[in-house]
Amino acid sequence: MSAAPVVPHPASAESGPPDRRFALLLTPPPPRTGWRVVPARVAAMCAVEFQKLLHDRTEIYTRAVQPALWLLIFGETFSRIHAIPTGGVPYLDFLAPGIIAQSAMFIAIFYGIMIIWERDSGVLTKLMVTPTPRTALVTGKAFAAGVKALIQAAVVVALAALLGVGMTWNPLRLLGVVVVVLLASAFFSCLSMTIAGIVLTRDRLMGIGQAITMPLFFASNALYPVALMPGWLQAVSRVNPLSYEVDALRGLLIGTHAHLGADFGVLALAALAGIVAAGSLLGRLAR
């Protein structure tokens, strides 16, 4: 007697193909590759920095004290004595873009301390074992520093407006200000990360950062025109990215004559060089 044929069981809902609505829960999305990695990492790092500032706004308030003192004390005093020729522009108007650039630089130049802290806490090692290229990590962190600098710049702009500084509110010009601050902050944060990759400790980085911030500030056109400087200081100012940032901010915010094409070009090249340099030393820092 032959065996009865086996009737196949109907496929149940559990054994069938998963619903497309739940496909992402069962199967991870394909990893980003190529040029898409950098924008994704930049957006992620910027979101992290923004969340930090939302949870703790104390840093914004404390860092606003120094720019306020520069504008209120230095700016108001020199506006009265007319000691610095500014080509017919009120000195407070002339000074405000320089203080915006200074406050953004002071935030970015110590960003390497955070990298060393991430190394000591093991966060950097976890980031390094991901398939993300080192340059993408550095770029994300560099522009994350730019987010903090932008918020600081907005505080200084609001303060300058309260003091009567005549600034433009043209949306295109303000967009240019955002780009300038981001590029300059990316360079200075990468400079800090590069120094961190060389010295490897927070104490040494803090000392070097304090040693170079004021020379960078005074060797720029933030406080006075380049024409007032001695010849050797003018040469230093020409290779100082902060001078190009201040020149662009003045041209965009208060409408003075500026070399915007050269300013944007120098800042973009400086940011790119900083990303390459910091990326090459990131592995040394993570060891």
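Biologist: Leaving aside its neighbours within four places in sequence, which residues is Leu71 in contact with?

Modeller: This is a predicted model: local features need pLDDT of at least 70, side-chain atom pairs count only at pLDDT 80 or more, and totals for chains, interfaces and linings use all residues. Residues are numbered from 1 along each chain as its sequence is written, and side-chain values use heavy atoms, with hydrogens and water left out. Contact means heavy atoms within 4.5 Å. With those neighbours set aside, the contacts of Leu71 are Glu76, Leu92, Leu95, Ala96, Ile99, Val156, Leu159, Ala160 and Leu163.

Biologist: Which residue follows α6?

Modeller: Helix α6 covers residues 111-121, and eight of its 11 residues are buried. Among them are Tyr111, Glu118 and Arg119. After α6 comes a residue with a positive phi, near 90°: Gly122.

Biologist: Which element supplies the largest share of the lining of the second largest cavity?

Modeller: A cavity is a set of points on a 1 Å grid where a 1.4 Å probe fits but cannot get out, and lining residues have an atom within 4 Å of a point. This one is lined by Met193, Gly197, Ala278, Leu281, Leu282 and Leu285. Two or more of these residues come from each of α9 and α13 (260-286). The largest share, four residues, belongs to α13.

Biologist: How much space lies in the largest pocket?

Modeller: A pocket is an open set with protein on both sides within 12 Å along at least five of seven lines. Here α12 gives the most to the lining, with four residues. The lining holds five nonpolar, eight polar and four charged residues. Counted as the space filled by probe spheres set on the grid points, the volume is about 440 Å³.

Biologist: How many nonpolar residues line the second largest pocket?

Modeller: Its lining includes Leu150, Trp169, Val181 and Leu253. Helices α8 (134-162) and α9 each supply at least two residues. No polar and no charged residues take part, and the nonpolar count is 10.

Terms used: Buried means under 20% relative accessible area, exposed over 50%, partly exposed in between (1.4 Å probe, protein chains only). Ala, Val, Leu, Ile, Met, Phe, Trp, Tyr, Cys and Pro count as nonpolar, Asp, Glu, Lys and Arg as charged, and the others, Gly among them, as polar.
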